[in-house]
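Please find below a short note on the structure that was sent for comment.

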Amino acid sequence: MKVTKGTWNGYDTYILKSQQLEVTLLPRLGNNVIGIRDLQENREILRRPEESDLDFYLQKPYHFGMPMLMPPGRIRRGHFEYSGTTYQFDQNTANDNHIHGLHRTQAWRVSDIDENDEGCTITTELLTADDPNWMRQYPIPLRLEMTLQLQGTSLMQRMKITNLGDTSAPFGFGLHTWFLLDGEPQRWTLKIPVSDQLLQDAEQIPTGEVVPLDEWEELNTGMNMANRNWDNLLRIGEKRPVSAELTRDDGYGIRYSADPDYFKYWVLYTKGESDQYLCIEPYTTLPDAANSTHSQDFTGLIDVAPEQPVEFSLQIDVIEKYTQLK
């Protein structure tokens, strides 16, 4: 159970290691977990960027690892108003909308490292007031803190958001987590409790209309990953647990769990027909939530009051094939 330092393209990485897993964090380029390696299976669990991917990573960092989205999804024309403040995010899609938030490749500061017999932990911090480009678009200063804790086959990710301003701020969070299917999607099955789905318009922004799952109902009992082409927004509703189970036909599996008090949506994305990737994306917040006519209870938009921190967590558990999913 230890934390060591490495490098990726000259940027420091911090590597958390147990007997089962090796987790690589890249704090100074977006604080992204760029890799999780299963040492027992000798396989990468996530889509890890190669050294040669630097230019692409800098352009679209949310294509690797488990990048954080603040807020997730698209915002129509990048514009909304909240609590008397006008927000104008950069319009960075073909339809002049905004996608996937302001957090990209900012440099986070490592504030604490702990190692003991039970596991190892690293905490990092970002002050958004130090980023003029962020403040230009989102003028309320925030302190963002992330803690990763590795214990055996479990990786816990905790987030803490503190509003350092004097006005309530809207907040949404998501992760664009790239799980590998190893070119064998037919061997993998996804089970994820969901209640219904949200329709999206031609610009991939939710219309607000909720419709039945129909063929997606199979996700509640287990859907094979062969021949899937997904980019769908699903609502958790009252379904429990708030977790996704991706299992291989030999019993090997991954359980991805999210805090039920905050996470309300899953996006499933395969980047074309399923082959190498399945992105399982937990969202606290409906895309374009601040412009929605639905209530905040429905959209999940988080009101962060001054000096009243919001905290939530997620967890990845790797289940080796000689054990059994519960």
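**Notes on the fold**

1. Nine strands form an open sheet with antiparallel pairing, in the order β11-β12-β13-β14-β28-β24-β23-β18-β21. At its edges stand β11 (109-115) and β21 (223-224); each has a single partner strand, so one side of each is left without a neighbour in the sheet. Strands here are DSSP runs of E with at least two residues, helices are runs of H or I with at least four residues, and both are numbered from the N terminus. Two strands pair if DSSP finds at least two bridges between them.

2. The model is predicted: local features need pLDDT of at least 70, side-chain atom pairs count only at pLDDT 80 or more, and totals for chains, interfaces and linings use all residues. Residues are numbered from 1 along each chain as its sequence is written, and side-chain values use heavy atoms, with hydrogens and water left out.

3. Within the sheet, β14 (residues 154-163) pairs with β28 (residues 310-319) in the antiparallel sense over eight bridges. Leu 155 stands opposite Ile 316 of β28.

4. The chain as a whole has three helices and 28 strands. Its radius of gyration is 19 Å, close to the 20 Å that the globule rule gives for 326 residues, so the chain is as compact as a globular protein of that length. This radius is taken over C-alpha atoms, and the rule is 2.2 Å times the number of residues to the power 0.38. Of the 326 residues, 56% count as buried, that is, under 20% relative accessible area with a 1.4 Å probe, protein chains only.

5. Strand β4 (residues 32-38) is mostly covered, with six of its seven residues buried. It pairs in the antiparallel sense with β3 (residues 21-26) over six bridges, and Leu 25 stands opposite Val 33 in β4. The hairpin of β3 and β4 has five residues between the strands, and Gly 30 takes a positive phi near 90° there.

6. β4 also pairs with β5 (residues 43-44), in the antiparallel sense over two bridges. The bridge partner of Arg 37 is Glu 44 in β5. In this hairpin, with four residues between the strands, Asn 42 has a positive phi near 55°.

7. Is Asp 196 buried or exposed? Asp 196, in strand β19 (residues 196-200), is buried, with a relative accessible area of 12%. Leaving aside neighbours within four places in sequence, Asp 196 is in contact (heavy atoms within 4.5 Å) with Val 210, Val 211, Leu 213, Leu 234 and Arg 235.

Conventions
Buried < 20%, exposed > 50% of the residue type's maximum accessible area, 1.4 Å probe, protein only.
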